[in-house]
Amino acid sequence: MDLAEFCRAIPKVELHVHLLGAIRLQTLAELAQRQGTGYSPGEVDELARRDAKPKGVLHILRALEQRILRGPEDLHRIAYEYLEDAASQGVRHAEIFWNPTGTARDSGIPYAAGADAILAAFDDAKHDHGISALLIPSIDREGTPEEAAEMVEWMIAHRRDRIIGLGIDYRETDHPPEFFWKAYRAAKRAGFRLTAHAGEFGCHWRNVETAIDLLEVERIDHGYTVLDNPALARRCAERGIIFTVVPTNSYYLRTLEPARWAIDHPIRRMPQAGLLIHPNTDDPPLHRVDPQRCWTMMVEDFGFDLDDLRRFMLNGIVGAFIPEDDKRGLAATFSAEYERLRADLDIAA
Ligand SMILES: [Zn+2]
């Protein structure tokens, strides 16, 4: 077994993946070319293009919300296909972000109908592929704080078991976390778990601090600029906050020199600062990545070894929004499997 096969086989969780960003490229093409959507094949190719210095994927997510999605069945298909692909790559449990504000406002899919379609896909994927999943409605931070608070009201009015927590994503620049404290306060009061994208796009470390101290999140998505404040990084390390990092993050691919990218990337330095990180695919087909490649990059690009990978695997369980009792059993199972697979690995690492 080589490193890529090993990274495909190791049991893992995925804690940072966006429903619309997880759409298969083939499905994107099919949905975009339905009658009335107005995309030619060339335009779809252009929409999904990813260069060496990628411009990011937010415009693709917006196109889905505003022009391409038609109904709950589209959300079901995207969720099911993602889980099918993830399960084939050793992912046993996934926690998926979904932006209900955009799908309600722009795609005309009411919150409850969208949520139930996605949860039905979770049931189908569990039955067919054995993978479990939780749903995390996520604030579109390019919208207003009032829209965010309204979204949390929908979550409370249409309570579902596997709708576990609240997140926030889209463009962080000019949309800092403090704008959304009311939505987070209401979600916490209602018993939802909390996470937030912060310190992405090179945004100030203050956003990480605000997410932790004001929004009271339990984990951080991205969070790279925490390294710019060693005292804050130390505090995050002491509290055991899990950072769901993304090796294929567009911002660093675009802004760091190709020759220096893997050397200067903050992912490399986060564990040295005592931070607990867990690698994720974010928007897998749109980033041209999958769980196998994501975990392989941690070794080939960022220089981590197999003991590090084992730690990252266990960090994922610690950070998951699953019952504490389940985590112990899962950690034991994953660890035993990891060691068995490691014994079959053909490299000295
Ligand atoms: Zn993300």
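**Exercise 1. Is R288 buried, partly exposed or exposed, and where does it sit?**

Step 1: R288 has a relative accessibility of 42%. Step 2: compare this with the cut-offs: buried means under 20% relative accessible area, exposed over 50%, and partly exposed in between (1.4 Å probe, protein chains only). Step 3: R288 therefore counts as partly exposed. Step 4: find R288 in the loop between β8 and α15; helices (H or I, at least four residues) and strands (E, at least two) are DSSP runs, numbered from the N terminus.

Before going on, please note that this is a predicted model, in which local features need pLDDT of at least 70 and side-chain atom pairs count only at pLDDT 80 or more, while totals for chains, interfaces and linings use all residues. Residues are numbered from 1 along each chain as its sequence is written, and side-chain values use heavy atoms, with hydrogens and water left out.

**Exercise 2. Which protein atoms are donors of the zinc ion, and why is their arrangement irregular?**

Step 1: list the donors: H16 (NE2), H18 (NE2), H197 (NE2) and D282 (OD), lying 2.1 to 2.4 Å from the zinc ion. Donors are N, O and S atoms within 2.8 Å of the metal (3.2 Å for Na, K and Ca); water is not among the atoms, so sites may look incomplete.

Step 2: the 4 donor atoms subtend angles of 82 to 171° around the zinc ion, which makes the arrangement irregular. Here is the rule: four donors count as tetrahedral if all angles lie between 85 and 135 degrees; four count as square planar and six as octahedral if opposite donors are over 155 degrees apart and all others between 65 and 115; anything else is irregular.

Step 3: write the spacing of the donor residues in sequence, H-x1-H-x178-H-x84-D. Distant parts of the chain are linked by H16 in strand β1 (residues 12-18) and H197 in strand β5 (residues 193-198), 181 residues apart.

Step 4: check burial. H16 is buried, with a relative accessible area of 0%, and H197 counts as buried at 3% relative accessibility.

**Exercise 3. How are α15 and α16 placed relative to each other?**

Step 1: two packed helices are described by the angle between their axes and the distance between the axes. Step 2: the axes of α15 and helix α16 (residues 306-319) come within 10 Å and cross at roughly 140°. Axes are lines fitted to C-alpha atoms, for helices over the stretch in contact, and angles run from 0 to 180 degrees between N-to-C directions.

Step 2: angles under 35 degrees count as roughly parallel, over 145 as roughly antiparallel, 65 to 115 as roughly perpendicular and the rest as oblique. The two helices, α15 and α16, are therefore oblique to each other.
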